[in-house]
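Work through the exercises below with the model open beside you, and try each task before reading its solution.

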Amino acid sequence: HERGVLTHGGDADALAILPGVRDGIDLRFGDPRTYLDEVSPDALGTVVVAGFVEDVNPSTAHRLLERCAAVVVSGGSTIVVTADPADRSVVERELRAGRGLSPATWLHLGERLGYIAETVAVDDPRTRSLVVLRRP
């Protein structure tokens, strides 16, 4: 993040944020979707959603991206970090019972909401690309 820009994160899993809190990072416990409902319009430069997005359905994803668009400033970004369900192991696919949207679907939903959307390749064996949605 840029020097002087307020940055914080959150997660519904208290244990997941504990190491960062110990390192002095401003991390908040709670459901990210609920948190976004409490953020003022045009208050954030970037929102990164990961983890819980692996299990959302299309209508929940659409509402999430709508809310992100409301709280991110013009020119800001929403970044979706999710593995492609097609790349998941057989065990993971079965345990997730068909839940999870592909990066292509997140890209499509973002474009329908008016974001400037692109995927960016990353060197990670599980998450091979990020979905970057820029608010015009």
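The exercises that follow treat a helix pair, a nonpolar core and several individual residues.

The model is a predicted one, in which local features need pLDDT of at least 70 and side-chain atom pairs count only at pLDDT 80 or more, while totals for chains, interfaces and linings use all residues. Residues are numbered from 1 along each chain as its sequence is written, and side-chain values use heavy atoms, with hydrogens and water left out.

**Exercise 1. The helix pair**

Task: Describe how the axes of helix α3 and helix α5 cross, and list the residues through which α3 and α5 meet.

Solution: Begin with the elements, since helices (H or I, at least four residues) and strands (E, at least two) are DSSP runs numbered from the N terminus. Two packed helices are described by the angle between their axes and the distance between the axes. Axes are lines fitted to C-alpha atoms, for helices over the stretch in contact, and angles run from 0 to 180 degrees between N-to-C directions. Helix α3 covers residues 58-71 and helix α5 covers residues 103-112; their axes come within 10 Å and cross at roughly 50 degrees.

Next, classify the angle: under 35 degrees counts as roughly parallel, over 145 as roughly antiparallel, 65 to 115 as roughly perpendicular, and the rest as oblique. The helices α3 and α5 are therefore oblique to each other. The crossing of α3 past α5 is right-handed, a term that applies if the near helix is turned clockwise from the far one by less than a right angle.

Finally, read off the contacts, where contact means heavy atoms within 4.5 Å. From α3, the residues Pro58, Ala61, His62, Leu64 and Leu65 meet Trp106, Leu109 and Gly110 of α5. Sorted by class, this contact has six nonpolar, two polar and no charged residues, with Ala, Val, Leu, Ile, Met, Phe, Trp, Tyr, Cys and Pro counted as nonpolar, Asp, Glu, Lys and Arg as charged, and the others, Gly among them, as polar.

**Exercise 2. The largest nonpolar core**

Task: Which residues touch the most other members of the largest nonpolar core, and which element gives the most to this core?

Solution: A nonpolar core is a set of buried Ala, Val, Leu, Ile, Met, Phe, Trp, Tyr and Cys residues joined through side-chain atoms within 4.5 Å.

The largest such core has 22 residues, of which Val47, Leu64, Val80 and Trp106 touch the most other members. At least two residues of this core come from each of β3, α3, β4 (72-81), α5 and β6 (129-134), and α3 gives the most, with five residues.

Then follow Val80 itself: leaving aside neighbours within four places in sequence, valine 80 is in contact with Val49, Val53, Leu65, Trp106, Leu130, Val131 and Leu133.

**Exercise 3. Leucine 65**

Task: Is leucine 65 buried or exposed, and which residues does leucine 65 touch beyond four places in sequence?

Solution: Leucine 65 lies in helix α3 and is buried, with a relative accessible area of 0%. Not counting residues up to four places away, leucine 65 touches Thr78, Val80, Trp106, Leu109, Gly110, Leu113, Tyr115 and Leu133.

**Exercise 4. Loop residues**

Solution: Aspartate 42 belongs to the loop between α2 (32-37) and β3 (44-50), and is partly exposed at a relative accessible area of 41%. Phi of aspartate 42 is near 55 degrees, a positive value in a residue other than glycine. Most residues other than glycine have a negative phi.

Task: Which residues are in contact with alanine 83, leaving aside neighbours within four places in sequence?

Solution: Alanine 83 sits in the loop between β4 and α4 and counts as buried at 2% relative accessibility. The contacts of alanine 83, with those sequence neighbours left aside, are Glu54, Arg88, Leu101, Pro103, Arg126 and Thr127. Of these, threonine 127 lies in the loop between β5 (116-121) and β6, and is buried with a relative accessible area of 10%.

How values were computed: Buried < 20%, exposed > 50% of the residue type's maximum accessible area, 1.4 Å probe, protein only.
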